[in-house]
Amino acid sequence: MIRDLNVAKRTEDIGFYAGFVGASFMFGRCLTSTVWGIAADRVGRKPVVVFGISSVVVFNTLFGLSVNYWMAIATRFLLGALNGLLGPIKAYAIEVCRPEHEALALSLVSTAWGIGLIIGPALGGYLALPAENFPTVFSPDSIFGRFPYFLPCLCTSIFAAVVLISCIWMPETLHKHKVHENRSRNIEALEARLIDSNEKVEESGSLDSKKSLFRNWPLMSSIIVYCVFSFHDMAYTEVFSLWAESDKKYGGLSLSSEDVGQVLAVTGASLLVYQLFLYPSINKVLGPIKSSRVAAILCIPILFAYPYMTYLSEPGLSIVLNIASVIKNNLGVTIITGTFILQNNAVPQDQRGAANGLSMTGMSFFKALAPAGAGIVFSWAQKRQHAFFFPGDQMVFFLLNAVELVGLLLTFKPFLAVPEQYDTR
């Protein structure tokens with residue numbers, strides 16, 4: 001899409017400009033996530049979720065109709081700012097099920113996010129440029145010919161609209177108890193005084209509550225770990241498609257958008273199977289902390305192997321790439337789900353929306369930096385093909401591993417404060 005918007009003067013600069021489009025969504029979400037979390041604690045989870053899905057329907061459609069680079073950035077920014085969905089959904093997942101099923105519930109949230117990150121690019125790869133790829137179905141003079149990236153965005157918006165309708169049957173989990181009014185004037189006056197005094201107490205209590213989130217080190221340390229791994233995952237997602245589609249002379253794989261889409265579709269299907277049938281058992285045996293550490297350790301040698309895939313030819317390349325992508329993304333979701341569990345067990349219910357909103361703010365800030373940073377590093381790495389120290393894309397994957405190692409080290413004491421129920425693990 002960046003190529004066809006004609007903003008990049010050279011092929012090597014596409015990653016640079018693409019990074020800022022990806023960052024604009026996360027920057028918008030960074031500015032508003034805490035506000036949406038507080039709103040979810042006050043008015044309920046459902047209204048915030050409904051509004052967030054509505055914003056997807058509108059602004060995702062407008063993104064597909066972008067006529068220039070700045071319109072693409074603006075629509076992605078507004079989508080991020082108005083979509084406070086993920087924080088309340090994590091709180092909702094904890095509240096809607098029994099304690100023994102919390103790991104499964106949160107794993108489904110991270111699975112949905114992970115599948116979205118996989119299916120989204122796959123959908124783009126299959127449905128982009130429909131007038132070129134399916135000329136018998138889509139005319140070059142139609143709206144899909146004039147806006148070659150509108151079709152995948154429209155499909156996503158239609159799916160979001162269906163989800164929005166299904167929210168009619170979504171129960172609210174934030175329970176509020178209302179006191180019935182007494183018609184007696186004397187009792188009304190007494191209640192007014194009590195309400196006035198209670199509001200003052202609640203106001204000061206809410207301030208203490210907000211402060212206690214920052215003093216709650218089990219929460220804050222798990223959020224920091226979550227932010228580091230989120231930065232890594234977003235940078236990896238940004239790099240993977242750019243690297244796979246770039247020419248072999250630049251260290252890439254020279255794959256088409258359809259080939260990359262197929263790899264990502266296989267990976268997305270594996271995420272669903274893994275999280276539904278394997279992760280709950282792994283979490284039961286190892287717990288969220290140990291499973292995250294093991295996953296982080298295993299990611300490092302896999303990422304080191306990526307640059308050397310450029311020396312493979314078909315069909316070996318497709319087999320190895322699919323296996324590596326499946327393993328890497330499932331390990332990444334294992335880590336993210338573990339941090340979800342730690343965060344939501346570090347706070348009571350009345351703080352869960354705000355805590356998840358705070359988590360989304362930090363994560364969105366790091367994820368806003370990741371695409372822009374990854375795009376810049378990727379463009380720089382492609383210009384140093386003959387460097388002595390990690391030439392070309394080897395430098396990109398080396399830096400990804402460095403971030404992964406930092407995240408791994410942060411999962412150990414004394415940095416990570418473990419909630420009491422996980423202290424023995």
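Tyr69, Ala72, Ile73, Thr75, Leu79, Gly80 and Ala81 are the buried residues of helix H3, buried meaning under 20% relative accessible area, exposed over 50% and partly exposed in between, with a 1.4 Å probe and protein chains only. The structure is a predicted model, in which local features need pLDDT of at least 70 and side-chain atom pairs count only at pLDDT 80 or more, whereas totals for chains, interfaces and linings use all residues. Residues are numbered from 1 along each chain as its sequence is written, and side-chain values use heavy atoms, with hydrogens and water left out.

Helix H3 covers residues 69-82, and its 14 residues reach 20 Å from the first C-alpha to the last. This span is close to the 20 Å expected at 1.5 Å a residue, the expected value being 1.5 Å times one less than the number of residues. Helices (H or I, at least four residues) and strands (E, at least two) are DSSP runs numbered from the N terminus. An α-helix has 3.6 residues a turn, so residues three or four places apart point the same way. The buried residues of H3 pack against helix H1 (14-43) and helix H2 (45-64), where a contact requires heavy atoms within 4.5 Å. At the N-terminal end, H3 is capped by Asn68, a side-chain oxygen of which lies 3.2 Å from the backbone nitrogen of Trp70. A polar contact is a pair of N or O atoms within 3.5 Å; within protein, one must be able to donate a hydrogen and the other to accept it, and residues adjacent in sequence count only if both atoms are side-chain atoms.

The chain as a whole contains 14 helices and 0 strands. Of its 425 residues, 50% count as buried. Among contacts between residues at least 6 apart in sequence, 79% join residues at least 24 apart. The accessible surface comes to about 20,700 Å², and 68% of this area belongs to carbon and sulfur atoms; the areas were computed by the Shrake-Rupley method with a 1.4 Å probe, and for residues only the protein chains shown count as cover.

A buried position in another helix is provided by Ser291, which is placed in helix H11 (residues 257-305) and has a relative accessibility of 2%. Leaving aside residues up to four places away in sequence, Ser291 touches Tyr279, Ile282, Leu286 and Thr334.

The structure holds 0 disulfides, a disulfide being a pair of cysteine sulfur atoms within 2.5 Å. The sulfur of Cys30 has its closest cysteine sulfur in Cys227, at 9.2 Å, which is too far for a bond. Cys153 is likewise in no disulfide, the nearest cysteine sulfur, that of Cys155, being 9.3 Å away. Both cysteines are buried: Cys30 has a relative accessibility of 12%, and Cys153 has a relative accessible area of 10%.

Aromatic pairs number 21, counted where rings of Phe, Tyr and Trp (its six-membered ring) have centres within 6.5 Å; planes under 30 degrees apart are stacked, over 60 edge-to-face and the rest tilted. The rings of Phe138 and Phe144 are edge-to-face, because their centres are 5.2 Å apart and their planes stand at 70°. Phe138 is buried at 17%, and Phe144 is buried at 17% relative accessibility. The pair Phe365 and Phe366 is also edge-to-face, with centres 5.9 Å apart and planes at 85°. Phe365 is partly exposed at 41% relative accessibility, and Phe366 is partly exposed at 30%. One aromatic cluster is formed by Tyr236, Phe240, Trp243, Tyr306 and Phe397.
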